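Open the model in your viewer and keep the selection panel at hand.

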Amino acid sequence: MKKLSAKAKKRIMANVTGYALILPLLIGLLVFTLYPLLVSLFNSFFYNYDGFSPYEEFEFGFGNYLRAFTGYESEVFWKSIGITFSYAGIMVPLGLVLSFIVALFLNQGLKGIGVFRLLYYIPCLIPSIVQSMIYLYIFNPNYGVMNDIFAGLGFEKSQFFDSPNYNAVLTFMFMNLFGVGGSMLIWLAGLKSVPKTYYEAAKIEGGGYFYSLVRITIPLCSPYIFYLLITNVIATLQICGNAYMISSSGGVDNNLLFFGLYIYRTFMNNNFGYSSALAYLLFIVIAALSALLFRFNKYVYYEGDN
């Protein structure tokens, strides 16, 4: 048997050490990610499966998936889809634009600007559950401070989250706009990466601030636009925790029943099969939208591209 060289032994020990270091992560991925994914996929094909009874008692097939579109819960399903996509269609572009404007302001070399950066980012450090509890008090229709402000300005009091119309969703949007600090931080990194020589050249050629913004800043920040667009779309379509804290029932007439909350509510009603099917439908939609958005990757400028 050929004896291993000292170099080969060192390489083997390095590999063993590396695998030992990532072993906890691998175990976590297998136990808490891959296994639940496979089990939920399997459960999604058992119609009305409750998670406790033997599989033999339930019908196997695409019944749960068909139920979402044609079953007795299809009306609730489509309403949650409409609410979720309407919310995402407004919040994703609005959040990107607002966080970009804030980042432009915070990118100025003014004295004490670091304090403002901290203040804008602080809301992102507060857990979403705690934020929701705070806003529940602020927008409480009976003793909330927001209705006091409305009364002082001469407006009628609002029900906010308890409103039976679109005011509930608008209030929810307003609440989540305070979380633009996370995107703002990424925008700041993008703005800092733009070489100052480009702005100096544009200034010499007579280009003003908005010319530089449109022709230099935005094109060179396109990788950050693409990244934020992808991540915000995925996160917005999966929104659940905040919605549950605001109204675990889904609001008045289900006007706050986001799709993630609809999945959770179905799961808590011991309908594991249907909730698993809904989760995989959401996965398919997110995967399709991500693939569609990646088609625009060719328009993104990356440093080093010719």
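Which exposed residues does the face of α10 turned away from its buried side carry? They are Phe210, Val214 and Arg215, where exposed means over 50% relative accessible area, buried under 20% and partly exposed in between (1.4 Å probe, protein chains only). This is a predicted model, in which local features need pLDDT of at least 70 and side-chain atom pairs count only at pLDDT 80 or more, while totals for chains, interfaces and linings use all residues. Residues are numbered from 1 along each chain as its sequence is written, and side-chain values use heavy atoms, with hydrogens and water left out.

Select residues 209-220, which form helix α10; helices are DSSP runs (H or I, at least four residues) numbered from the N terminus. Its twelve residues reach 15 Å from first C-alpha to last, close to the expected 16 Å, the expected span being 1.5 Å times one less than the number of residues.

Now colour Ser212, Leu213, Ile216, Thr217 and Leu220, the buried residues of α10. Down the helix axis they fall within an arc of 125°, so they line one face; the arc is taken over directions from the axis to the C-beta atoms. Their cover includes α3 (74-106), α8 (181-193), α9 (196-204) and α11 (222-237).

Next, show α8 with α11. Their axes, lines fitted to C-alpha atoms over the stretch in contact, with angles from 0 to 180 degrees between N-to-C directions, come within 10 Å and cross at roughly 165°. The two helices are therefore roughly antiparallel (over 145 degrees). Among the α8 residues that meet α11 are Ile186 and Trp187.

Finally, pick Ser74 in helix α3. Ser74 counts as buried, at 15% relative accessibility. Leaving aside neighbours within four places in sequence, Ser74 is in contact (heavy atoms within 4.5 Å) with Arg67, Ala68 and Phe69.

Terms used
Angles under 35 degrees count as roughly parallel, over 145 as roughly antiparallel, 65 to 115 as roughly perpendicular and the rest as oblique.
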